[in-house]
Amino acid sequence: MKRRKFLLVSIFALFLSLISVWYFKFKSATTKVLSYPIDLSEICDRKTLIQIGNTYMKLTNENDKRYLKELMVQDAGMIDNDLKISLKSKVVEDFNTGNTILVDGWLLSRTEARQCAFLSMSEAN
Amino acid sequence: MHIDARELDNNTIIEGDLCIVGAGAAGISMALDWNKSGKKVILLEGGGFEYNSEIQDLYSGNSTGQRYYPLRSCRLHLFGGTTGHWGGMCAPFDPIDFKIRSWVPDSGWPIALDDLVPFYGKAQKLFELDSYNYDLQYWQEKYPGLTPFPLDKDVIWSKMWQFSPPTRFGKTYKETIVKSANIHLYTYANLTNIIANDQVSGIKQLIVKNHNGKTHKVRAKNFVLACGAIQNARMLLASRGQAKKGIGNDKDLVGRYFMEHLEIKSAELWLKKPFSTELYTFDYSTRKPRAELALSKGIQEEAGILNGSASLTPLAIAKKQTPLIDVWSNEDPRKSFDKLVANFRESREKNYARKDDGNRAFELFTRMEQAPNRNSRIMLSREKDALGVPRPQLHWELTELDKYSIRKMYHILGEQMGKASVGRIKLEEFLWDKNDHSMPEQLGGGWHHMGTTRMSEDRKKGVVDANCKVHGISNLFIAGSGCFSTAGAPNPTLTLVALSLRLSDYLKTS
């Protein structure tokens, strides 16, 4: 009986560990995607991206990480399971629809500006 | 033939069929058009064949409002006029430039682009340019490396420019003029007064003077003022013997609507990946055609903005350049010109050692028309020059539409660059605040003076009619960019010569 109970607890513990690893790995990947404006990163260095993020937060009061994440994920629509691709498409769509904002002189897609803000907050943490 | 007016007996009466005042781009182009015509053409030039400081000083004046170049040095007072220091950039106006635009007050010409096309072709030859063809496709066949950015053509297009050597009219056409049997060039013959008949319906004669104390009278069937937009307005305003407000100024329009091109560093373009910008880069060694990023007719209308374009300069070079308005500050045009050349040369030489930005970062430099503005104007000063003519006083005034248009142009460009995933645009700080309508001190002009004797079929709205004839005066005409109703985006020289050749044609056939 004791042996059987030990095995069950062990299996459950292993399952919980796997879930945790998967969750943190996924969360980490999501954070990375959300804080990485692909096109803009090819133009600006990390320091500039963080500076843009800081200015964006001051301009918009969008300075809560969870709220920003919600906005980006919701706006990206998750039409594709790949958040990275969805965000990239959303950036182009922003330029198409005029959903842009001027931050430190840069004319940016709203989405990539939020990505910069997300990066700034991640760095601060 | 050439006559030095200083050598004539005092009070000589000079007579001819046509009198052209001013031997610059407009005046010489017209005179050449009348060469071997059998008509006696009197071409009056205030200066001589070489630069003379005393003569140049006749152009001195003051300015208020938006900061501007010294009036003394922003034009040249000698045979050949300002072609003596121009850059040679040539492009025709766009069809929209001639149209009434509801969002641009006082816009609209009484002529269309098609009316000028035959004369653009003739003007091209005078400037030693290729054929009158400004289509990108035409030039791509000659230079296959000319590739435009993959932008939406309904929004942004590549406006082509051709480059004159640049032709210095004073050197290139001196021999033809001097050897001509029917063109009588008088140097050191400065117009000081225009004498109208008592009804101010026609011009009887002109008074010309020089520093040697000689005064002469000039009589002709027709008179053409071709002294540049500032000087033409000044002389009309200063000639008050028969008309209290000045010749052609009964509606208080002479000198008003002074326009320049708005030229300023406005943004940076950062490309995601290196892209061949051969199409947009000026090549000093070959002067082959290049393009600027221009706004389509549709987007101008949709956004309610002025016509303009942006040129590209590698950022590493541009960052080494001083704003033109700071460079061209000397009252002596030769010194200002030397500083300008040195500014360009040094920035390029310094950049040869730098490769870090590659071809990914560029400065975007605006070239935009100024909105017609009645309060932007040439007036007369109380001070007089050495020959007794009141000096000019410029009040250069801009409007909210000017600033709005520049800002909006870069927002549009930025959106298009982002949409096409080409890169991003960073605006200069003076464009960040949409509520700031002022222009910075670094704003320059192109040394392009326009609009002071604007064209309109309605004499309440313009000084000259569609044929450049001064309203109400049967034999007085104006040649040059003073007649422009709106400024267009391109430099004015090609268009002002085309317009002058059209006037010439009208005078021959009417």
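In strand 16 of chain B, B:Pro390 is the bridge partner of B:Lys384. The model is a predicted one, where local features need pLDDT of at least 70, side-chain atom pairs count only at pLDDT 80 or more, and totals for chains, interfaces and linings use all residues. Residues are numbered from 1 along each chain as its sequence is written, while chains are lettered from A and ligands numbered from 1 in the order in which they are written.

Let's start with the sheet around that bridge. Helices (H or I, at least four residues) and strands (E, at least two) are DSSP runs, numbered from the N terminus, and two strands pair if DSSP finds at least two bridges between them. In chain B, 3 strands make an open sheet with mixed pairing, in the order 4-16-15. Strand 4 (62-65) and strand 15 (377-384) of chain B are the edges, each with a single partner strand, so one side of each has no neighbour in the sheet. On average, neighbouring strands of this sheet are turned by 30° against each other, direction ignored. Strand 15 and strand 16 (residues 390-396) of chain B pair in the antiparallel sense over 5 bridges.

Across strand 15 and strand 16 lies helix 7 (residues 229-238) of chain B, running at about 60° to strand 15. Such angles run from 0 to 180 degrees between N-to-C directions, with axes fitted to C-alpha atoms, for helices over the stretch in contact. Is helix 7 of chain B mostly covered or uncovered? It is mostly covered, with 10 of its 10 residues buried (20 or more other C-beta atoms within 10 Å; exposed is 12 or fewer, partly exposed in between; C-beta atoms are placed from the backbone). Strand 8 (190-196) and strand 10 (215-225) of chain B are among what covers these buried residues.

| Residue | Touches |
|---|---|
| B:Ile20 | B:Gly27, B:Met30, B:Ala31, B:Val41, B:Leu43, B:Leu44, B:Val224 and B:Ala226 |
| B:Thr313 | B:Ala318, B:Phe362, B:Glu363 and B:Phe365 |

B:Thr313 belongs to strand 13 (residues 308-314) of chain B. B:Thr313 is buried, with 22 other C-beta atoms within 10 Å. Its C-alpha atom is separated by 34 Å from that of B:Gly27, 286 residues apart along the chain.

Finally, the contact between chains takes 16 residues from chain B and 15 residues from chain A. Helix 12 (400-419) and strand 17 (423-427) of chain B each supply at least two residues of the chain B side.

Note on methods. Two residues are in contact if their C-beta atoms, placed from the backbone, lie within 7 Å. Lists of a residue's contacts leave out its neighbours within four places in sequence.
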